[in-house]
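This report describes the pockets and cavities of one model. The sequence and structure come first.

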Amino acid sequence: MVECKTSDIQALSREFVTVAQKAATAVYPWIGRGNKEMADGAATKAMRAHMNHLTMDARIVIGEGEMDEAPMLYIGEKLGTGDGAPVDIAVDPVEGTNLVAKGMDHSLAVIAVAERGTLLHAPDMYMEKIAVGPKAKGCIDLNLPLSENMKAVAQALGKDVSELTVMIQDRPRHNHLFKQVFAAGAKVQMFSDVDITGAIATAIDELDIDMLVGTGGAPEGVIAAVALKCLGGDFQGRLLPANAEEVTRCHQMGITHPTAKLSIDDLVKTDNCFFVGTGITNGPLLKGVERLSDGRIVSHSFIATKNDAQFIETRH
């Protein structure tokens, strides 16, 4: 096997900014058109076409399906020229397809890349999650109540618990979390969809989010963990298989203890990784795709590699 050097990953990261940009700009004509399948198909086609020209030996380990059914980027699909760095890819061409279809905020194209064999092959099921930024790294424990985690995070941040802002998806299943935050006198920032953004927000001071907690998609949990690994933050997750069939799927994907607490190092077993996201519609992290009066398209991207993060505005 070809060794995947840190320099190889760094070189690829810039190429993947273009991959995410192409996906986001391909979706632009479909924003608010009520057709999430066409939006997803446009993004997938654009991503696949560009990735297949890259000098890499890549495979999808987290994608949109588990069989070769176009236009999905399916689990096990091989991409790139077959030469160069052996890498695994976790991807969601349109994170928030319903948001795009309805012309709503917070959708984006996301990609996480790591050296071969280092990403958890998370099945498409729910995952319990908790995420914090660098200052609170090592202070969270998914086995403890949220109230206890809030005390530990507040102490690490030098705040009173009542000064914390906790990001939680607006779902009935999270009512017990809302109650704990309010009981502590802290603030909740609710969101409708896309918890990857909320996890990343904990590591960006300007966004003033101290924690993300809740239950969401497991594949998105791995992608968020890659971003936080690069940003120096922390993340823990626990898969929540709903039935015996989902437990079996975990075993088939190499997860021997499906309900065990997973650290950020369990989810991403390397520092040799990166995250890229490009906004499709406006969100707290990134602006959406815009069209200028002269016809050019503007995209807004975020890239996180080891010890480095950048916001990039590009005119196409």
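How much space lies in the largest pocket? About 860 Å³. The model is predicted, so local features need pLDDT of at least 70 and side-chain atom pairs pLDDT 80 or more, while totals for chains, interfaces and linings use all residues. Residues are numbered from 1 along each chain as its sequence is written, and side-chain values use heavy atoms, without hydrogens and water.

On a 1 Å grid over the protein atoms alone, a pocket is an open set of points with protein on both sides within 12 Å along at least five of seven lines; a cavity is a set where a 1.4 Å probe fits but cannot get out; lining residues have an atom within 4 Å of a point. A volume is the space filled by probe spheres set on the points.

The largest pocket has 35 lining residues, and Asp 92, Glu 95, Asp 124, Gly 217 and Glu 220 lie nearest its centre. Strand β3 (85-95) is among the elements that give two or more residues to this lining, and β3 gives the most, with four.

In the second largest pocket, Lys 135, Leu 157, Thr 202, Asp 205 and Asp 210 are the closest to the centre, out of 13 lining residues.

| Space | Volume |
|---|---|
| Second largest pocket | About 260 Å³ |
| Largest cavity | About 60 Å³ |
| Second largest cavity | About 40 Å³ |

There are two cavities of 30 Å³ or more. Residues lining the largest cavity include His 106, Thr 197 and Asn 282. In the second largest cavity, strand β8 (residues 211-217) gives the most to the lining, with five residues; Gln 169 and Phe 191 are also among the lining residues.
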